[in-house]
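Here is a briefing on one protein chain. Look at the structure first, then read the points below by topic.

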Amino acid sequence: IIDGMISPEGERVKFITPVNARSNVENWLLSLQKEMVETLKKSLREGLKNFVNGAQKTRKDWILKHKGQVVTVVSQILWTLDTEDAIKEQPTKGDSLAVWYNHGLKQLQVLTEMVRGELTELSRKILVALITTDVHNRDIVNQLNTNEVESITDNYWQQQLRYYSGDDTEGCIVRQVTASMDYGY
């Protein structure tokens with residue numbers, strides 16, 4: 001019986017339904033792959049729901065409670081949504097991208113303080129990956145502002161890798177320009 005998976009970094013993820021590793025290897029390997037994806041999908045949905053509903057008081061608390069892949073993907077989904085909101089407000093407010101940029105700087109400051117503190121090795125690796133992504137996202141928001149982007153259909157925004165969680169899917173959709181694909185977990 002296989003009841004979970006362990007990442008190369010040592011992160012353990014327990015399966016929703018254990019997989020029996022008996023019978024034809026082709027069959028149980030397919031079952032194992034399906035269970036890996038289903039477990040990660042459920043974790044992603046729970047992570048997104050916990051963040052949106054404020055189950056953890058701060059982003060810092062939320063990061064430390066969830067698995068690395070959940071933190072990374074949900075953060076990208078939320079960044080995409082918030083960036084699009086800022087772009088849509090830009091024509092009427094004129095400074096929404098600048099405000100969003102400054103918010104990103106504050107989030108990076110919190111992450112930097114966290115990574116300097118007492119953490120497990122695994123939490124530190126998750127934070128370093130998130131900081132790297134957040135720095136990249138900060139630079140994108142700065143360029144959106146510099147290029148005076150005021151529409152989510154603007155080419156500069158469309159060429160970015162964007163993550164969405166929609167009503168039509170239990171998972172995550174990744175878009176760039178005209179390409180759209182399911183996140184592969």
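Leu 97 touches Ala 86, Ile 87, Gln 90, Val 141, Leu 144, Asn 145 and Val 149, leaving out residues up to four places away in sequence. Contact here means heavy atoms within 4.5 Å. Leu 97 is found in helix H4. Its relative accessible area is 0%, so Leu 97 is buried. Buried means under 20% relative accessible area, exposed means over 50%, and partly exposed lies in between (1.4 Å probe, protein chains only).

This is a predicted model: local features need pLDDT of at least 70, side-chain atom pairs count only at pLDDT 80 or more, and totals for chains, interfaces and linings use all residues. Residues are numbered from 1 along each chain as its sequence is written, and side-chain values use heavy atoms, with hydrogens and water left out.

**Overall layout**

- The chain has 6 helices and 5 strands. Both are DSSP runs, numbered from the N terminus: helices are H or I with at least four residues, strands are E with at least two.
- The order along the sequence is β-β-α-α-α-α-α-α-β-β-β.
- Along the principal axes, the C-alpha atoms fill a box of roughly 60 × 40 × 25 Å.
- The C-alpha atoms of Leu 97 and Tyr 185 are separated by 30 Å. These two residues are 88 residues apart along the chain.
- Of contacts between residues at least 6 apart in sequence, 47% join residues at least 24 apart.

**Surface and charge**

- The chain has 185 residues, and 35% of them count as buried.
- Its accessible surface comes to about 11100 Å², and 50% of that belongs to carbon and sulfur atoms. Areas come from the Shrake-Rupley method with a 1.4 Å probe; for residues, only the protein chains shown count as cover.
- There are 22 positive and 25 negative side chains. Lys and Arg count as positive, Asp and Glu as negative; His and the chain ends are not counted.
- The centres of the two charge sets lie 7 Å apart. Each charge is placed at NZ of Lys, CZ of Arg, CG of Asp or CD of Glu.

**Nonpolar cores**

- A nonpolar core is a set of buried Ala, Val, Leu, Ile, Met, Phe, Trp, Tyr and Cys residues joined through side-chain atoms within 4.5 Å.
- The largest core has 21 residues; Ile 63, Val 74, Ile 77 and Leu 111 touch the most other members.
- Helix H1 (25–52), helix H2 (59–65), helix H3 (68–93), helix H4 (96–116) and helix H5 (121–146) each supply at least two residues of this core. H3 gives the most, with 6 residues.
- Val 74 is in contact with Leu 44, Gly 47, Leu 48 and Trp 62, leaving aside neighbours within four places in sequence.

**A buried asparagine**

- Asn 137 is found in helix H5. Asn 137 counts as buried because its relative accessibility is 4%.
- Not counting residues up to four places away in sequence, Asn 137 touches Gln 76 and Trp 79.

**Strand pairing**

- Two strands pair if DSSP finds at least two bridges between them.
- Strand S1 (residues 2–6) and strand S2 (residues 12–19) run antiparallel, joined by 4 bridges. Ile 2 stands opposite Val 19 in S2.
- S1 and S2 form a hairpin with 5 residues between them. In the turn, Gly 10 has a positive phi of about 95°.
- Strand S3 (residues 162–164) pairs with strand S4 (residues 173–176) in the antiparallel sense over 3 bridges. Arg 162 stands opposite Arg 175 in S4.
- S4 also pairs with strand S5 (residues 179–182), antiparallel over 4 bridges. Here Arg 175 stands opposite Ser 180 in S5.
- S4 and S5 form a hairpin with 2 residues between them.

**Positive phi outside glycine**

- Glu 148 has a positive phi near 55°. Glu 148 is found in the loop between H5 and helix H6 (155–158). With a relative accessible area of 63%, Glu 148 is exposed.
- Val 177 has a positive phi near 50°. Val 177 is found in the loop between S4 and S5. At 44% relative accessibility, Val 177 counts as partly exposed.
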